[in-house]
Amino acid sequence: MRIADLADRRVAIWGFGREGHAVIKALRVRLPGQPLTLFCSAAEVDAARAFDAALEVVAGEPDAATLGQFDVVVKSPGISAYKPALLAARAQGTQFTSGTALWFGENPDARVIAVTGTKGKSTTSALIAHLARALGVRTALAGNIGLPLLELLDQRADLWVIELSSFQTGEAGPLELGVITSLYEEHLDWHGSRERYVADKLKLADVSRHLLVNALQPNLLALTGSHPQRLLFGQAEGWHVAGEVICRGTQQVFPVAQLAAPGLHNALNACAALAALEVIGMDALAAAPSLASFRPLPHRLQPLGEHDGWHWVNDSISTTPLATLAALESLHGRTVTVLVGGHDRGLDWTPFVEAMRNAPAHAIVCMGSNGARIAEALRAAGVACPLTLVDNLAAAVAEARACTPAAGVILLSPGAPSFDQFKDYAERGRRFSALAGFDSAGIASIDGLGIEGAQGG
């Protein structure tokens with residue numbers, strides 16, 4: 001669907017976050033004067049009217065009958081496509097689309113690398129853009145990483161690197177290369193089941209001419225085996241990590257120690273980025289030295305530094321137990337107190353509990369709405385390290401200070417979303433940074449969003 005297809009139709013916008021803002025602006029540019037209705041929360045009504053006085057603003061979540069009054073509803077990604085009201089309105093003829101789908105409709109000939117995955121998608125997307133720019137390619141970095149595509153609607157780039165969440169993979173149009181970094185259990189509250197989450201993630205494969213996937217995940221390999229142009233990273237024949245070196249086949253290319261982003265998983269993300277460039281015909285070997293100048297993304301195993309005698313690491317982006325285990329693995333051999341817990345989506349914490357039973361952290365502080373459930377599972381398993389249950393992040397930081405020896409690491413890696421106490425993971429990470437004694441304003445942004453690099457011909 002293109003924006004022009006919305007002309008003279010009854011159009012509503014559902015959601016007033018940054019995606020909603022981008023949709024409103026784009027429709028005003030392309031469809032000036034067309035009536036638009038916005039559904040938003042009661043707390044957002046005044047801001048919405050100030051943003052666009054011509055909007056008809058409706059407070060609260062629309063029901064099926066209300067949605068059915070519109071020909072097209074442009075919804076934000078965080079609104080589940082499986083809400084009963086949405087499904088009922090769709091069955092009655094209302095069409096649903098998104099800012100992502102509209103951008104693809106407007107840019108059918110764009111050269112696109114789209115990246116998804118339960119973990120690693122943001123860092124991999126940023127790495128691909130960083131390396132492509134190092135080769136002199138005018139490259140856009142946008143999507144779920146923090147910049148809605150419609151904010152770049154009338155801009156041009158030679159390469160588009162687009163991060164897609166599981167909410168967005170079904171909204172992409174045909175593209176040159178899809179990358180799947182990993183596939184674990186997540187976002188069950190939006191998708192409704194693990195099976196549906198996996199199916200939605202894999203929709204990216206359906207629109208990708210070439211598909212690049214992680215060879216170290218047997219389940220992902222099995223699920224993507226039928227793709228006619230599937231390639232792999234993480235295996236010895238291609239880009240992989242061997243010991244402390246990133247290699248291409250038998251050729252040693254880049255020392256892992258020179259990566260500013262710590263952990264084996266980030267070295268593997270670098271392999272994915274290099275392999276992606278190679279798939280689309282770029283010189284990955286020439287780009288590889290630029291890994292040394294890549295700046296790690298905020299809230300993703302971000303070393304904040306030393307303060308009050310402790311080393312602080314902000315991994316607020318961690319929203320699954322397996323992500324927390326990856327964070328702890330990256331700090332192997334150090335004395336680590338880890339802060340876990342947050343919004344409870346019913347994920348299985350058994351792998352984390354078993355790992356802590358076999359090789360516990362120095363201490364574990366459980367917090368948030370699922371903190372009690374995590375603490376109970378750890379105690380039942382007889383995990384042999386100090387274990388504390390607190391209500392909130394401030395109390396968790398205070399407890400970590402009390403139980404962590406000098407020169408130890410205090411790691412925020414919650415393994416759960418932030419919505420029980422914060423707007424999003426970034427707000428949680430900034431709060432953690434402030435509680436640790438750092439300037440939280442300095443970690444608010446991601447480098448490289450938008451379009452950078454040489455102007456294409």
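## Arg-10 and its partner

In this predicted model, Arg-10 is partly exposed, with a relative accessibility of 47%. Its partner in a salt bridge is Asp-71, and the closest N and O atoms of the two side chains are 2.8 Å apart. Arg-10 belongs to the segment before strand 1 (11–14), whereas Asp-71 sits in the loop between helix 3 (64–67) and strand 4 (72–75), so the pair ties together parts that are 61 residues apart in sequence. Asp-71 has a relative accessible area of 22% and is likewise classed as partly exposed, because the buried class covers values under 20%.

Side chains of opposite charge can pair when their charged atoms come close. A salt bridge also joins Glu-176 to Arg-111, with 2.8 Å between the closest N and O atoms. This pair connects distant parts of the chain, 65 residues apart: Glu-176 is in strand 9 (residues 175–180), and Arg-111 is in the loop between helix 5 (99–106) and strand 6 (112–116). Is Glu-176 buried or exposed? With a relative accessibility of 15%, Glu-176 counts as buried, while Arg-111, at 30%, counts as partly exposed.

Asp-447 and Arg-295 form a further salt bridge, with an N to O distance of 3.1 Å. Here the linked parts of the chain are 152 residues apart: Asp-447 lies in the loop between helix 17 (425–436) and strand 21 (450–452), and Arg-295 lies in the loop between helix 12 (284–287) and strand 15 (302–307). The relative accessibility of Asp-447 is 41%, which places this residue in the partly exposed class.

## Charge across the chain

How many salt bridges does the structure hold? The total is 15. The protein chain carries 36 positive and 44 negative side chains, and 2 Å separates the centres of the two sets.

Lys-203 is part of helix 9 (residues 203–207). Its relative accessibility of 35% makes Lys-203 partly exposed.

When neighbours within four places in sequence are set aside, Lys-203 is in contact with Tyr-82, Thr-169 and Gly-170. Gln-168 is 35 residues from Lys-203 along the chain, and the C-alpha atoms of these two residues are 9.3 Å apart.

## Overall architecture

The protein chain comprises 17 helices and 21 strands. Its radius of gyration is 22 Å, close to the 23 Å that the globule rule gives for 457 residues, so the chain is as compact as a globular protein of that length. Taken along the principal axes, the box filled by the C-alpha atoms is roughly 65 × 50 × 40 Å.

Among the contacts with a separation of 6 or more, 68% involve residues 24 or more positions apart. Buried residues make up 54% of the 457 in the protein chain.

Technical notes. Residues numbered from 1 in each chain as written. Predicted model: local features only at pLDDT ≥ 70, side-chain atom pairs only at ≥ 80, totals over all residues. Heavy atoms only, no water. Helix = DSSP H or I, 4+ residues; strand = E, 2+ residues; numbered from the N terminus. Rg over C-alpha atoms; globule rule 2.2 N^0.38 Å. Buried < 20%, exposed > 50% of the residue type's maximum accessible area, 1.4 Å probe, protein only. Contact = heavy atoms within 4.5 Å. Lys, Arg positive; Asp, Glu negative; His and termini not counted. Charge placed at Lys NZ, Arg CZ, Asp CG, Glu CD. Salt bridge = Lys/Arg side-chain N within 4 Å of Asp/Glu carboxyl O.
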